[in-house]
Amino acid sequence: ETFKGEEDQFELDDALEAVMEMVKAVNDSLHQVKVAGLPDAVHPLGSLVCQETLQVVTENKSQKEVLFRNRPQRRQVLLYENQLLFCKQIRAKPGKPGFQFKFSLAIANLGMSSIIKGEDKKMELWVIGQSDVYSLQAKNKMMKEDFATELRKVIIKQKENSDLKPPRMSQSVHKSEHRDTENCSVTSGDGRSEERRVGKEC
C-alpha cells in the first residue's frame, strides 16, 4: 500500500510539472514582444523579465592611443532570461513587429556595473573576455536602478544554473545583418574628435 501511494504521488508530481511547463509556455507566448529580424541563434530567449528605453553607447577600451566611441542611440532594451536584446523602435502596422533587432548580449557571459562615478543614471555592461563596453543611460536614477536590479538577478540566476550544467560553447554577441550608415565619433589619443560616415551599426 505504501509503495502504491508513493507511485501515485510521483505520477501526480510529474503531471503537475507538465501542467506548469505548459502554463509557462503559454504565458511566455502572450508576453512575447514582436521583434523584426530576430536571428534564430538567440533562441531560446526564455521569459521576458522587463524592458526599458535607454540611450546606448558602445566603446572599445582596449586601444591605448585611439578610442572608438559610437554616438548615443535610443534603444528599446528587452531583458529575457537568456538574452539582452537591443532594438530600434519602428513604425508598424497593427499586428506587425514594432521593433527592429539590432544586437543582443548573452546573459551567461555578461558582466555589469551599476555604479558609475558622477553618472547616477548610467550603468555599464561588457561581455567577459571582450573589450567592448556598453554604456546604458536611463531617463532617471530610479529607472536605471530598477533595470539594473532585474538584470543583476537574471545574471546571478544564470551563473547558478551554469554551475550545475556542463560548459557549452555559445556566441556571446549577435548583431543584425542590417547595417545602417550613421555618424560615429572617433576620439584619438590627443583628445581630438572627428565624425566619420561608416557602414556599421552605431
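## Val173 and its contacts

Val173 touches Ser104, Leu105, Val127, Gln130 and Tyr134, leaving out residues up to four places away in sequence. The model is predicted. Val173 sits in strand E10, which covers residues 173–175. Its relative accessibility is 13%, so Val173 counts as buried, the cut-off being under 20%.

Val173 and Leu105 are 68 residues apart along the chain, yet their C-alpha atoms are separated by 4.9 Å. Leu105 belongs to strand E6, residues 99–106. At 0% relative accessibility, Leu105 is buried.

## Leu84 in strand E5

Is Leu84 buried or exposed? Leu84 is buried, because its relative accessibility is 0%. The residue lies in strand E5.

The contact list of Leu84 leaves aside neighbours within four places in sequence. Val77, Leu78 and Leu79 are among the residues touched.

## Overall fold

The protein has two helices and twelve strands. From the N terminus, the order is α-β-β-β-β-β-β-β-β-β-α-β-β-β. Helix H1 takes up residues 2–30. Helix H2 takes up residues 141–164.

The protein has 202 residues, and 35% of them count as buried. Take the contacts with a separation of 6 or more: 53% of them come from residues 24 or more positions apart. The accessible surface is about 13300 Å². Carbon and sulfur atoms supply 52% of that area.

## Salt bridges

How many salt bridges does the structure hold? There are three. One of them joins Glu81 to Lys157, with the closest N and O atoms 3.8 Å apart. This pair links distant parts of the chain, 76 residues apart. Glu81 is in the loop between strand E4 (73–80) and strand E5 (83–89), whereas Lys157 is in helix H2. Glu81 has a relative accessible area of 23%, so Glu81 is partly exposed. Lys157 is partly exposed as well, at 45%.

Another bridge runs from Lys141 to Glu145, where the closest N and O atoms are 4.0 Å apart. Lys141 and Glu145 are separated by about one helical turn, because they are four residues apart in helix H2. Lys141 is partly exposed at 43% relative accessibility. Glu145 is partly exposed at 37%. A further bridge pairs Glu150 with Lys153, the closest N and O atoms being 3.8 Å apart. Glu150 and Lys153 are both in helix H2, three residues apart, about one turn of the helix. Glu150 has a relative accessible area of 26% and is therefore partly exposed.

## Negative patch

Which residues gather in a patch of negative charge on the surface? They are Glu11, Asp13, Asp14 and Glu17. Asp13 lies in helix H1. The relative accessibility of Asp13 is 38%, so Asp13 counts as partly exposed.

## A cis peptide bond

The peptide bond from His43 to Pro44 is cis. Its omega is near 0°. Pro44 is found in a loop, between strand E1 (35–36) and strand E2 (48–60).

Note on methods
Residues are numbered from 1 along each chain as its sequence is written. This is a predicted model: local features need pLDDT of at least 70, side-chain atom pairs count only at pLDDT 80 or more; totals for chains, interfaces and linings use all residues. Side-chain values use heavy atoms; hydrogens and water are left out. Patches are made of residues with over 30% relative accessible area and no salt bridge: like charges are joined within 9 Å, nonpolar side chains (Val, Leu, Ile, Met, Phe, Trp, Tyr) within 5 Å. Accessible areas come from the Shrake-Rupley method with a 1.4 Å probe; for residues, only the protein chains shown count as cover. A salt bridge is a side-chain nitrogen of Lys or Arg within 4 Å of a carboxyl oxygen of Asp or Glu. Lys and Arg count as positive and Asp and Glu as negative; His and the chain ends are not counted. The place of a charge is taken as NZ of Lys, CZ of Arg, CG of Asp or CD of Glu. Buried means under 20% relative accessible area, exposed over 50%, partly exposed in between (1.4 Å probe, protein chains only). Contact means heavy atoms within 4.5 Å.
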